[in-house]
Amino acid sequence: MARNETKARWLSWGRRGTAGAAIPMALAFEGVTQRFGEVEALSEVTLAVEPGEIVALLGQSGCGKTTLLRLAAGVERPDAGRVLLEGRDVSSPGSFVEPEQRGVGLVFQDYALFPHLSVRENVRFGLRGYGEASADATALRAIARVGLADLADSYPHMLSGGEQQRVALARAVAPRPGVLLMDEPFSNLDRRLRDVVRDETAALLQETGATSIIVTHDPEDAMRIADRIVLMRAGRIVQVGTGEELYRRPASLFAARFFCDFTEVEGRVSGKAVDTPLGRFPVKGLTEGSDAIVCIRPHAVRLVPNGYCLPGRVVTRRFLGEVDHILVAVDGFDRPLSVRASLAGSIREGEDVGVDIPSDEVLVFPAGDT
């Protein structure tokens, strides 16, 4: 298939509003701990997901995101704690409910399609209990919704990786599960097409109404698709909130770093402010005389005419499309300050400028809070 035909197919999804609606279920984890040998993948994790809510599990590889997903699906059994569906314990030894009985759909990161089955047969696989005609019609409707109706009789090896992902999504939503779980659904996609797939997936989740959990390591994916984000680290939940809450009010330096590449400046607390080579910034809740780290977002820095604010000199300027990325040397600071500005076309390398850093755009954390 020609490259432009493949791209056209990626951009062509089925008509919105045609996915079947599910009856969403409440999902909860209570004090869940999971070990693999001597490694504790999850440590006393407690989380409640409301019916119909879309939650993103965000974090670095190995933080426990996928393990939590597999526990919800019933693929793994917790060493301690409980998984609840609609308030019912489905994970304890005396009440364990098998994966196929939970009403949960799961999209694996590697898609897990059956190579000897066609697209239609793969999607029909999860429709056991349906009559033959009903299963076929339901499968074809799900396939059409993800824009692959013309590939219904193709086999997985004939599809691109992205098309396989969409088949896996169709297979997961076809039975109208009350809970839908997705493991890194966008990680293998070309960046140019990622936005389309992400937006269409979000629309599909809204149509079905299923309670959804999406595992990702990309904060942009999480912010664009989820109602709430659960940030994880080393098997524990670090912070829970909306994308805006985590971005604007991160609970720790670790959380802040996950959402933005800061310029980090060391300083010391004095008189309810932190003194740094880039200025003095107000702070609350830190001990007088303690060391602190000031985080300055690149887009928050304003470049003004030379002679105003903090004196600096442009070291490099790189055009990135909507913004320029600029590195500015500031006297007394041992590394360039990172700036992203949308009105920097007239600024040249080597030019002297003023640097304005609004204090309300600065985050301050204790120096040991990593």
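**The contact between the domains**

Mentor: Between them, domain 1 and domain 2 bury about 520 Å², and 64% of this area is on carbon and sulfur atoms. The size of an interface is often given as the accessible area lost when the parts come together. Please keep in mind that the model is predicted.

On the domain 1 side, the residues that lose the most area to domain 2 are Tyr-247, Pro-250 and Leu-253, which together account for 83% of what that side buries. As for the division itself, domain 1 covers residues 11-253 of the protein chain and domain 2 covers residues 261-366. Six residues of domain 1 and seven residues of domain 2 take part in the contact. The C-alpha centres of the two domains are 40 Å apart.

One residue pair is in polar contact between the two domains, with both residues at pLDDT 80 or more.

Let us now turn to the strands on either side of this contact. Strand S11, residues 263-269, is joined by two bridges to strand S12, residues 273-276, and the two run antiparallel. Val-269 has Val-274 in S12 as its bridge partner. S11 and S12 form a hairpin with three residues between them, and Gly-271 in the turn has a positive phi of about 60°. S12 is also joined to strand S13, residues 279-282, by four bridges, again in an antiparallel manner. Here Asp-275 stands opposite Arg-280 in S13. The hairpin from S12 to S13 passes through two residues.

Another part of the chain holds an open sheet of four strands, in the order S2-S1-S4-S5, with antiparallel pairing. Its edge strands are S2 (39-49) and S5 (88-89), each of which pairs on one side only. Strands of a sheet pair through backbone hydrogen bonds, either parallel or antiparallel. Strand S1, residues 27-36, pairs with S2 in the antiparallel sense over seven bridges. Within this pairing, Ala-48 in S2 is the bridge partner of Ala-28. Helix H2, residues 65-73, lies across S1, S2 and strand S4 (80-85), and runs at about 120° to S1.

Notes. Residues are numbered from 1 along each chain as its sequence is written. This is a predicted model: local features need pLDDT of at least 70, side-chain atom pairs count only at pLDDT 80 or more; totals for chains, interfaces and linings use all residues. Side-chain values use heavy atoms; hydrogens and water are left out. Two strands pair if DSSP finds at least two bridges between them. Contact means heavy atoms within 4.5 Å. Axes are lines fitted to C-alpha atoms, for helices over the stretch in contact, and angles run from 0 to 180 degrees between N-to-C directions. Domain bounds come from an automatic or database domain assignment. Buried area is the accessible area (1.4 Å probe) that two parts lose on being put together, summed over both. A polar contact is a pair of N or O atoms within 3.5 Å; within protein, one must be able to donate a hydrogen and the other to accept it, and residues adjacent in sequence count only if both atoms are side-chain atoms.
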